[in-house]
Amino acid sequence: MQQTKRHHYVPKAYLKAFCDSSGKLLVYRKDDPSEPLHVTPDATQFRRYYYSQPTPAGGRDNNSLESVFSTIESRWPETVGRLLRREDVNDRLESIFEFMSLQRVRVPASRDATEAVLAQSVKDAMKLMLRNGTIPPPPSGFEDLPNQIEITIDPHRSIHAMTSILQGMGQLYSRIGIAAVHNCTARPFLTSDNPVLWFDPSLPFEEQRPYAVSPKVGPVLLVFPVSPTLVLVGSTEYRESFGRHGLLHSDVPDEAWVDQINAQVCRFAYEAVIAQASGQEELVALFAGASPVVEAVSIPVANGMATIHRTVFGQRVQKPKWRRD
């Protein structure tokens with residue numbers, strides 16, 4: 001069987017809706033937003049062997065997950081077409097939620113966060129063992145070794161974590177309804193390498209945190225760009241009408257609303273903002289220095305300190321590379 005090497009975490013089936021007349025799109029890298037790449041969907045948003053998994057025989061399966069994801073992705077272009085034509089899509093709501101969910105859990109923003117939490121747990125375990133005397137203390141001058149040591153995590157662990165994240169998203173979906181909002185303005189929607197985002201809209205913009213909402217009550221706003229002229233919006237305010245009528249269509253009120261959505265898209269972007277055309281470079285650059293990342297916070301407990309993790313908009317840190325051997 002031919003081995004798949006290039007694994008897309010943002011699928012080509014999704015990116016094609018954002019292409020220009022030449023079949024290309026603009027990719028603004030947060031590390032260098034002043035020099036966007038003008039590329040085809042096939043040439044961006046992938047990593048080599050990103051979904052590869054070890055086999056019981058000691059080998060590596062490079063195809064199974066990629067094949068499953070490709071099956072789900074294959075239905076997306078038809079769904080987009082029906083949404084753009086303002087058709088009734090209530091017969092494929094499950095497919096829409098499935099596609100959105102996959103686009104949250106498979107991207108580097110999600111997988112890197114999982115691996116960062118696991119790496120911190122290793123450091124915390126080392127600190128506890130040092131405190132209890134179960135391992136020898138570090139030599140003089142290296143007392144802060146647990147905080148300085150570089151921990152690498154097997155990427156296979158973050159693949160397994162997708163299941164629990166998906167379950168959490170199911171609980172989120174039960175609190176909201178979704179609507180298709182059509183953009184009739186001259187300002188196109190942007191998207192990114194982390195296109196599914198949600199937050200607490202009751203907080204001021206500066207106080208909002210990525211993926212941080214009240215556990216069971218309180219407002220939620222979810223955004224998922226579908227094309228430069230269409231975005232899916234999920235809201236607790238839509239829940240009642242969604243329960244009665246399913247997904248409904250509406251129109252963008254004005255360009256200011258589009259700007260608000262694009263600002264969220266830019267700051268939720270992990271490594272790259274994606275556009276059909278130039279014209280919003282200032283907005284992209286404004287949020288180039290921040291991405292959704294995990295922050296470890298130490299809190300005092302009875303037997304010392306404990307760590308809690310929260311998502312914030314902060315500087316993305318280069319992940320240590322995992323080596324199998």
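In this predicted model, a total of 31 residues line the largest pocket, and those lying nearest its centre are R48, Y49, P155, K319 and W322. The space within this pocket amounts to about 880 Å³. Several elements of secondary structure contribute to the lining, with at least two residues supplied by each of the strands β4 (46-48) and β5 (53-54) and by each of the helices α5 (108-132) and α7 (155-160).

Four strands form an open sheet in the order β3-β2-β13-β8, and their pairing is antiparallel. Because β3 (32-39) and β8 (191-192) stand at the edges and have a single partner strand each, one side of each of these strands is left without a neighbour in the sheet. In general, the strands of a sheet pair through backbone hydrogen bonds, in either a parallel or an antiparallel manner. Within the present sheet, strand β2, which covers residues 25-29, pairs with strand β13, which covers residues 272-275, in the antiparallel sense and over four bridges. In this pairing, V27 stands opposite I274 of β13.

Among the helices, α2 (residues 64-73) packs with α4 (residues 93-105) at an angle of about 135°, and the axes of the two helices are 10 Å apart. Since angles over 145 degrees count as roughly antiparallel and those of 65 to 115 as roughly perpendicular, α2 and α4 are therefore oblique to each other. The crossing in which α2 passes α4 is left-handed.

Notes:
Residues are numbered from 1 along each chain as its sequence is written. This is a predicted model: local features need pLDDT of at least 70, side-chain atom pairs count only at pLDDT 80 or more; totals for chains, interfaces and linings use all residues. Side-chain values use heavy atoms; hydrogens and water are left out. On a 1 Å grid over the protein atoms alone, a cavity is a set of points where a 1.4 Å probe fits but cannot get out, and a pocket is an open set with protein on both sides within 12 Å along at least five of seven lines; lining residues have an atom within 4 Å of a point. Grid points are joined across faces, edges and corners, and a volume is the space filled by probe spheres set on the points. Two strands pair if DSSP finds at least two bridges between them. Axes are lines fitted to C-alpha atoms, for helices over the stretch in contact, and angles run from 0 to 180 degrees between N-to-C directions. Angles under 35 degrees count as roughly parallel, over 145 as roughly antiparallel, 65 to 115 as roughly perpendicular and the rest as oblique. A crossing is left-handed if the near helix is turned anticlockwise from the far one by less than a right angle, and right-handed if clockwise.
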